[in-house]
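Have a look at the model first, then read on.

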Amino acid sequence: MENLKAITEKAEHLKLVSWLKLKHLHFNHTANERKTTARQGAELKRLGVKKGFPDISVYLSDKVLFIELKRAVKSKSVVSKEQLAWVEFLNALPYAKAKICYGADEAIKFIIENLKG
């Protein structure tokens with residue numbers, strides 16, 4: 001059994017992306033976690049990058065899923081107020097569902113539940 005405490009968010013992300021590709025689902029990763037200079041950060045902000053926007057968007061026939069992916073161990077993860085605000089906003093839209101998922105397995109379960117109906 002894998003040591004869950006040692007599994008990074010990046011490893012969870014790669015596991016989820018591999019599953020999405022295997023299932024031929026349409027998705028996108030919003031790369032908000034990159035390091036930039038202050039100048040580059042200001043430019044990205046002017047171009048519309050928003051703090052806290054969910055990591056993964058999954059496009060289904062009847063809705064869009066937004067997943068803020070965290071490590072499987074909740075105590076090893078921090079959820080920002082901006083991330084919570086995005087999840088709340090997106091869940092208010094009639095065509096979207098958003099969730100903070102702790103690990104790829106929880107994210108996959110969320111996607112499967114929404115594929116069914």
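## Charged pairs and overall fold

Lys 51 counts as exposed, with a relative accessibility of 63%; that label takes over 50% relative accessible area, buried means under 20%, and partly exposed lies in between (1.4 Å probe, protein chains only). Before going further: this is a predicted model, where local features need pLDDT of at least 70, side-chain atom pairs count only at pLDDT 80 or more, and totals for chains, interfaces and linings use all residues. Residues are numbered from 1 along each chain as its sequence is written, and side-chain values use heavy atoms, with hydrogens and water left out.

So who does Lys 51 pair up with? Its salt-bridge partner is Glu 82, a salt bridge being a side-chain nitrogen of Lys or Arg within 4 Å of a carboxyl oxygen of Asp or Glu. That pair ties together distant parts of the chain, 31 residues apart: Glu 82 sits in helix α3 (residues 81-91), and Lys 51 in the loop between α2 (38-46) and β2 (56-59). Glu 82 is partly exposed at 22%.

The whole structure has 6 salt bridges, including these:

| Pair | Closest N and O atoms |
|---|---|
| Asp 105 and Lys 15 | 2.9 Å |
| Lys 63 and Asp 62 | 3.4 Å |
| Glu 82 and Lys 51 | 3.9 Å |

Asp 105 pairs with Lys 15, and this one also spans distant parts of the chain: Asp 105 belongs to helix α4 (residues 104-115) and Lys 15 to helix α1 (residues 9-22), 90 residues apart. Lys 15 is partly exposed at 39% relative accessibility.

In the Lys 63 and Asp 62 pair, Lys 63 is buried, at 9% relative accessible area, whereas Asp 62 is partly exposed at 45%.

Now zoom out. The chain has 4 helices and 4 strands, running α-β-α-β-β-α-β-α from the N terminus; these are DSSP runs, helices being H or I of at least four residues and strands E of at least two. Of the contacts with a separation of 6 or more, 66% join residues 24 or more positions apart, contact meaning heavy atoms within 4.5 Å.

How much of the chain is buried? Of its 117 residues, 38% are. The C-alpha atoms fill a box of roughly 40 × 40 × 25 Å along the principal axes.
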